[in-house]
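User: I am new to this structure and would like to understand the words used for it. Could you take me through them?

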Amino acid sequence: MLMNIALPIALTLVAAAFALSFWRLLIGPSKPDRILALDTLYINAIALLVLLGIHLSSALYFEAALLIALMGFVGTVALCKYLLRGDIIE
Amino acid sequence: MHRWLPHPLITLALTLVWLLLVNSLTTGQIVLGLLLAWAIPLFTLRFWPETLHIRRPGLLLRFAVRVLADIVTANLTVARLILGRPEQLRPVFVEVPLLLKSDLAISLLANTISLTPGTVSSCLSANRDYLLVHTLDTADADALAATIKTRYEAPLQEIFESC
Amino acid sequence: MLDLVLSLLILAGATFTFIGSLGLARLQDFYTRLHGPTKATTLGVGSLLIASALYFSTRGESISLHEVLVTLFLFITAPASAHLLSKAALHLHVRSLAPLPQESAIADEGSAQRQKDSPSAESNKLFLKT
């Protein structure tokens, strides 16, 4: 099975992507940098969940990925709005 | 027709989204999806001020295929630039003058620009006559603006705004 | 055969996701960093989701297409959040390698609303209302 080799490599790569984004979140000189790092983190989380779903062959993880995609976008927009206007709900 | 089905295209799209979400194609789900897709545009009427007119559906399809192909090539380019030497990048802000007028066409253009050739749309000027675009690496900013105009803006204008 | 296609899609997706984050960590200024996550990561997650759809369609009893929904959603939202992020960065005058554009070019609706006395802001507000 080729998948048994490909999946661990892919999981490692995505975990490394997680670590790199987290590094940017910690050092990130400006505020938009940190928001961008958070944005990347949630996309990485979707990737990790999808891979885990294939690995465990369970479709349950998909729902979590969908929810993270929705909430992550709303979070990014809210944080950007906060930086632009100093207020989220006008 | 217009009062009871204000946005037929949105209704169609919402039905498709519902069927994808429940991941089944039974009659019951199709009826429920159609019902929801009919009701939601009625309740959110105030969020859709302009009606959508697609004048050239064939061209829209060809445009979508071209954008998808461009996304793949753009990704390879960006990946190569990231793996290369970051000190040698030549990032530039470019102002692209806009001919498009409608909200939908402008946002589609901005999305296309962000997804494709090593560029991110940054800001729409207050009077909507140009879009500020940031490129990752370019030698000739004017040529880039010209490419964006002929490759993406012209088809969009033909699809949504020509008579 | 299917195994090979799935493995290639998974590896390509994971590699693109990794390159996107690598760009985020490695590039020099905020505006260039923005390119990594918006493009590479989106395509990476896109191909992972296609792999997932293929996998569950071929081994389950029915085809599974709801992964398309997440892919579509990401392709629509990633440019929007990139646009907002870069607008916020321009608003805060974040340091950039490229020469920053003129102040007038980045006067968006938000700052126009704050300077209510200027005539262009008035017309802009009228335009927003219609």
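Analyst: Happy to. A salt bridge is a side-chain nitrogen of Lys or Arg within 4 Å of a carboxyl oxygen of Asp or Glu. This is a predicted model, in which local features need pLDDT of at least 70, side-chain atom pairs count only at pLDDT 80 or more, and totals for chains, interfaces and linings use all residues. Residues are numbered from 1 along each chain as its sequence is written, chains are lettered from A and ligands numbered from 1 in the order in which they are written, and side-chain values use heavy atoms, with hydrogens and water left out.

User: Why is the meeting of R33(C) and D33(A) called a salt bridge?

Analyst: The side chains of R33(C) and D33(A) come to 2.4 Å, N to O. The limit is 4 Å, so the pair qualifies. The count between chain C and chain A is 1 salt bridge.

User: What makes residue pairs of chain C and chain A count as polar contacts, and how many are there?

Analyst: A polar contact is a pair of N or O atoms within 3.5 Å; within protein, one must be able to donate a hydrogen and the other to accept it, and residues adjacent in sequence count only if both atoms are side-chain atoms. By that rule, 6 residue pairs are found across the interface of chain C and chain A, both residues at pLDDT 80 or more. Two or more residues of the side of chain C that touches chain A come from each of α1, α2, α3, α4 and α5 (109-114) of chain C. Such helices are DSSP runs (H or I, at least four residues), while strands are runs of E, at least two, and both are numbered from the N terminus. The largest share of this side, 14 residues, belongs to α1(C).

User: How do you know how many residues of chain C are in contact with chain A?

Analyst: Contact means heavy atoms within 4.5 Å. By this cut-off, 48 residues of chain C are in contact with 47 residues of chain A.

User: What does buried area mean, and what is its value between chain C and chain A?

Analyst: Buried area is the accessible area (1.4 Å probe) that two parts lose on being put together, summed over both. Between chain C and chain A this comes to about 4200 Å², with carbon and sulfur atoms giving 80%.

User: And what is found between chain C and chain B?

Analyst: Here 41 residues of chain C are in contact with 38 residues of chain B. The buried area is about 3600 Å², and carbon and sulfur atoms give 71% of it. H35(C), K39(C) and L69(C) lose the most area on the chain C side, together 17% of what that side buries. The count of salt bridges between these chains is 0, and the rule for polar contacts finds 1 residue pair.

User: Why is K101(B) called exposed?

Analyst: Exposed means over 50% relative accessible area, buried means under 20%, and partly exposed lies in between (1.4 Å probe, protein chains only). K101(B) has 59%, so it is exposed. K101(B) lies in the loop between β1 (92-97) and α4 (103-115) of chain B. K101(B) and F160(B) are 59 residues apart in sequence and 9.7 Å apart in space, C-alpha to C-alpha.

User: What share of chain B is buried, and which pattern does the chain follow?

Analyst: Buried residues make up 39% of the 163 residues in chain B. Chain B has 5 helices and 3 strands, in the pattern α-α-α-β-α-β-β-α along the sequence.
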